[in-house]
Each structure stands twice: as structure tokens, then as C-alpha cells.
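Biologist: I would like to learn how to read helix packing and sheet order. Can we work through an example together?

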Amino acid sequence: MRVLETVAEFRKGRREFVEEFRRTHGRDPSIGFVPTMGALHSGHRSLLERAALENDLVFLSIFVNPTQFNRPDDLAKYPKTLETDLALAEHARVSAVFLPSDGQELYPDGYRYRVSETEVSQRLCGLSRPGHFEGVLTVVLKLLQLARADRAYFGEKDYQQLTLIRGMAEAFFLDTEIVGCPTVREADGLALSSRNLRLTPEQRETAPELIRAMTEVSDLEQARKRLDEKGFAVDYLVDERLPDGRRRRFAAATLGEIRLIDNIALPEENP
Ligand code: PAF
């Protein structure tokens, strides 16, 4: 597994992998790409496994993207577990890890050029995290341009993000297929997230109440009340239909300093 630290190295590395594959197999490889911010967990592993199953080569990026954080303290405290990330990647048969060593490597323009979306990005997390999705879409477009993969894999836990990335790929005629993968959960139901590493033991015990309230209580007001009582500060808890047409229940709530999000598919209402 190669670790490539600059845009130039990643471009060159990609070319070399493709040429080597061509030489040995007599055809072009298919490429699967998994963009991440590191602190990898079994959810990321499942994306890498799917990518390995569906493609000849798998590329992973690890970059804590500053432009998608609307609070400097949140960016500063984002968990970093590089050594175990690289071991997980190696185990998942990743060919190359793009690991920009410098926060500016992906922003030679100083973030003057941005991708914005005007509808889906203004709802749910977009309301309380101004600029977040602009940062996500901008960095994902840059990464997709560099990886030039056949398929890129994203978790359904960040469903609004996935919807926006799919929409961007369609709007800009990108060649990469955007593949959504199911949320991976702990045995007690908590959706895996890198931020879970920052929960205190007490908060970790309370955290699965989020998915319990979402699934066990059909009345949204009651569910919100239950979460309030458990010590969550609920940002939103709503049933919405995003442009992919499926009705889902979305929630975001903060426990102490840690913002948790989750979503589930809802059965379609009878006409
Ligand atoms: O979901 C994430 O980890 C990030 O938002 C992403 C897609 C890697 C962009 O920085």
C-alpha cells in the first residue's frame, strides 16, 4: 500500500497503478474510491470492503477538511488515529492512501472557488451548520477529480451529504458513480461515527437512546421529549422526503459537546 501526500504524488501514483495493472492484466482497472476524514471504524471498513468487491483497485483518502467545519473547536478536536487507520486500510487491501500532509494542499485557490447547492443544503444540518455542505461538496468534487474513480462510496448515515453528493455528480456530469452504503451500527444500535470516540463513558451509554427514540416512538413530539429527558439537546427530529423520493426520519442532537446524527427509512404512507 502506498501513502501519497501531495496532489502531484497522488496523480503520479494513480497513473502508475493504472499502467502497472494494464501491463499485467491487458486491460484498464476499475477504480473504487472511499473519501474519509480518518478515525476509521467498521463503517469505513464496510465501504472499503464493498469497493474491493466491486473494483480492481481501491483508493482511500484521509483528509480532515477544514472548510466543512463551522466551529474551529470542532475541527481542532476531530479525532485522529492515523496509525490504526493505515493498518485498517492495509488489511482492507487498499492500493493507495491519499493523505494530504498540508491542509492547504487541496486549496491552492484559497477556497475562492466553491460548490454550492441552494435547496437540499439549506435543510436539516444545513440550518445549524452554515457553510458545512459547501465545504463538503467542494472537497468531494476536488477529490473525485483527482481519483477519477469508476465508483465512490459514501455511508447512508450522512444521508443528506450522500444526497447532495449524488446530486452534484449528476449536475456536473461526473463520470464517477456515487454508491450509498447502509449505516453500520454497534450492537446497541448506535450508528458508527468517528465522533463517537469523543463520547464520555456515560454519554456513550446514553447515545443509543437517539436511535431508540427514532424507532420506538412514532409521535415526533413524544420522541423529542424523551430525548430531552435523557439529556440530549435536539437540533431536529423530522420526517422528510429528500429528492431521491424516499421518506426518512432524520435526527440531529447534541450530547455534551458531541453532535450525533442518524436517519432511518420510513414505510411509505398508504395513498
Ligand atoms: O463524510 C465524511 O467523512 C466527509 O464529509 C467527506 C465526505 C470525506 C468529505 O470531507
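Modeller: This is a predicted model. Two packed helices are described by the angle between their axes and the distance between the axes. Take helix α9 (residues 209-216) and helix α10 (residues 220-229): their axes come within 9 Å and cross at roughly 160°.

Biologist: Are α9 and α10 roughly parallel or roughly antiparallel to each other?

Modeller: Angles over 145 degrees count as roughly antiparallel. So α9 and α10 are roughly antiparallel. The crossing of α9 past α10 is right-handed.

Biologist: Which residues in α9 and α10 meet?

Modeller: From α9 come Glu 209, Leu 210, Arg 212, Ala 213 and Glu 216. They meet Ala 223, Arg 226 and Leu 227 in α10. By class, this contact has 4 nonpolar and 4 charged residues, and no polar ones.

Biologist: Now the sheet. In what order do the strands come?

Modeller: The order is β1-β4-β3-β2-β5-β6. These 6 strands form an open sheet with parallel pairing. From one strand to the next, the twist averages 25°.

Biologist: How many bridges join β5 to β6?

Modeller: There are 5 bridges between β5 (residues 151-155) and β6, and the two strands run parallel. Within this pair, Tyr 153 stands opposite Val 179 in β6.

Biologist: And which strands does helix α7 touch?

Modeller: Helix α7 (residues 159-171) packs on the sheet against β5 and β6, and its direction makes about 165° with that of β6. Helix α2 (residues 42-54) lies across β2 (31-36), β3 (57-62), β5 and β6. Relative to β5, α2 runs at about 155°.

Definitions and conventions:
Residues numbered from 1 in each chain as written. Predicted model: local features only at pLDDT ≥ 70, side-chain atom pairs only at ≥ 80, totals over all residues. Heavy atoms only, no water. Pairing = 2+ DSSP bridges. Helix = DSSP H or I, 4+ residues; strand = E, 2+ residues; numbered from the N terminus. Axes fitted to C-alpha atoms, helices over the stretch in contact; angles between N-to-C directions. Contact = heavy atoms within 4.5 Å. Parallel < 35°, antiparallel > 145°, perpendicular 65-115°, else oblique. Left-handed = near helix turned anticlockwise from the far one by under 90°. Nonpolar A, V, L, I, M, F, W, Y, C, P; charged D, E, K, R; others polar.
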